[in-house]
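Please keep the structure in view while working through the numbered points.

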Amino acid sequence: MNILVCMKQVPDTTEIKIDPVTHTLIREGVPNIVNPYDTYALENAARLKDADPSVNIVVVSMGPEQVRTALKECLAIAADKAYLITDRAFGGSDTLATSYILSQAIRKIEALEGYTFDAIFCGKQAIDGDTAQVGPEIAEHLGLPQVTYAVELSVEGQSCKVIQQGPEYRQVIAVDLPCVITFTQPDFDVRYPTIKRKMKANRAKIDAITAVDLSEIDLTRCGLKGSPTHVKSTFVPVHDNHIVMFEEETVEESAVKLADVLNDAHII
Amino acid sequence: MEAKTKDLWVFIETKEDGSARNVGLELLTPGRTLARDQGGDLVAVVIGFGADAAIAAAACQGADKVIVVDGVEYQHYNTDAYAGAMTHLIEKYGPTTLLIGATSYGRDLGPRLSCRLGSGLTADCTGLAINPESGIMEWTRPAFGGNLMATIVCPDGRPQIGTVRPGVFKKQPPVEGAAEIIREDFHMPEEEIRTHLLEVIQEAAEEIVDLEGAEIIISGGRGVGGPEGFEPLKEMAEVLGATVGASRAAVDSGWIPYAHQVGQTGKTVAPKLYVACGISGAIQHLAGMSGSDTIVAINKDPEAPIFEVANYGIVGNLFDVVPALTAEIKKLKN
């Protein structure tokens, strides 16, 4: 079984700050990490490999050269091989353009490796954009079925049972391979790399795929110009509120006052 | 593709019993204004099985038309049937704009449609407006965990599509409407449906947490200190008929299930009253609750950012404040 895991390197959004004047990210001192949801996809692939060592895991990411660090991290955790998709022509792509480029690159990787992927795993969404669009869009480009919000799965032959986080309950979805599955947080933790794997990953050669390698790609569908959506403006959310603080002798008295105020205003 | 009308569509997601999920009905509220600004009709699109309840609900929320696709293959959401039916409808009628609730199913359907139609999709919007000059929709959404708001446009692709988080808009009281009901006989061949629901895992221990429908939410964060720290919050919630919410910090610590989580990676809520206990107010949390009518913050740290969005605040230990608050509310209620 050949599994492709799509990964995005993201700034750790719990650490980021926005410059209030320029509305740009202050990247200084903010670590770049493997998108957490993508690590859940990788862990699920690794679990299939635990059960069946013949499972082959390839990880792919689109972005600048620095993404190699994140790819190496995935190699250290579980992946067998990694590809970097990088080209200036791809910069500024929205989700539709990104998924188009990825789908073209997936076909290229399949040609290079001499097999087709049985499953494409993605994180449900990336924590910087939070769109959850690229996975389903890859599925549509490739004409594959999709299951989103997966927490774990089992594979038997060509059929796959996916436990999905539904709107109310978890549910089991049946889908045949090949398919695209996007993962949300499972009940188990993502494994840490062993020292041995880490050292091997550091030495690994990661091939880059650029626009010239993708002979069939339509560059008018890539990058900023090939994207149907554009960012018109950005702003920092401001909260304009008037707060009433209750500062009686004791906090218990403050609580009583607060309850009275809420009651008088018919809020409770 | 080209739009054939100036209509604005709202996708009404249905449950398996044929009733509407709230978010679709909520979206008819901004939909009315936006359709008018756009110069077209407001159309509710109901896909489901035996969906009369959803049709009736949409018709009395101000929709000019309700387009219905009804069939057993739509009883449980599945990507292929829903994307197929929606694509058929869009190609036939050519709306200018499509709003979809950003539920797990809406977020599964939206990108599939956008890609098939080659049009732009903006996810998880919290603000919608038609630009008076260009006539195109301006979709506003949080990015980078709510640290930044971005306004996105889709100048050319039609329909312009956006998903909108549940709880951002409020459902209006029902009014008598004379919506035109259009039934479309569209069925998806069984062999083209590639995913199937096998089983629903109902965890007996986990009750359904209806944060989005709650009028009052009592929420706890890191300050509650552990699972047992939620007890005083639960007591207050019981007295008020409220739902218990939580910040990501509390959920990630394993003190309370994910179903209770409010914020960027949890639920967006806009109740009448939100009581934040021991929640510092990380931007990700604020992104999910700052639309609440009244916010009360209880926190030991006077510098906690939660006080920047709150209407009422008490600086103090929640284990002193909350029981006193509950006792006084009990007294008032009697």
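Where in chain A is the place of A:Ala132?

1. A:Ala132 sits in the loop between strand S8 (119–123) and H4 of chain A; helices (H or I, at least four residues) and strands (E, at least two) are DSSP runs, numbered from the N terminus. Its phi is near 60 degrees, which is a positive value in a residue other than glycine. A:Ala132 counts as buried because 28 other C-beta atoms lie within 10 Å. The cut-offs for this term are as follows: a residue is buried with 20 or more other C-beta atoms within 10 Å of its own, exposed with 12 or fewer, and partly exposed in between, the C-beta atoms being placed from the backbone.

2. On the basis of the note: this is a predicted model, in which local features need pLDDT of at least 70, side-chain atom pairs count only at pLDDT 80 or more, and totals for chains, interfaces and linings use all residues. Residues are numbered from 1 along each chain as its sequence is written, while chains are lettered from A and ligands numbered from 1 in the order in which they are written.

3. A positive phi in a residue other than glycine is also found at B:Asp124, with a value near 55 degrees. B:Asp124 belongs to strand S5 (residues 121–125) of chain B. With 25 other C-beta atoms within 10 Å, B:Asp124 is buried.

4. Two cis peptide bonds deserve attention. One joins A:Leu177 and A:Pro178, with omega about -5 degrees, and A:Pro178 lies in the loop between S11 and strand S12 (179–183) of chain A. Another joins B:Arg158 and B:Pro159, with omega about -5 degrees; B:Pro159 is in the loop between strand S8 (148–153) and strand S9 (160–164) of chain B.

5. How many residues of chain A are in contact with chain B? There are 65, and they meet 68 residues of chain B; a contact requires C-beta atoms, placed from the backbone, to lie within 7 Å. H6(A) gives the most to the side of chain A that touches chain B, with 9 residues. That side divides into 33 nonpolar, 21 polar and 11 charged residues. Here Ala, Val, Leu, Ile, Met, Phe, Trp, Tyr, Cys and Pro count as nonpolar, Asp, Glu, Lys and Arg as charged, and the others, Gly among them, as polar.

6. Strands of the two chains also pair, a term that requires DSSP to find at least two bridges between them. S15(A) and strand S16 (residues 312–315) of chain B pair in the parallel sense over 2 bridges, and A:Val244 has B:Tyr312 as its bridge partner in S16(B).

7. Chain B has 8 helices and 16 strands. Buried residues make up 60% of the 334 residues in chain B.

Conventions. Contact = placed C-beta atoms within 7 Å.
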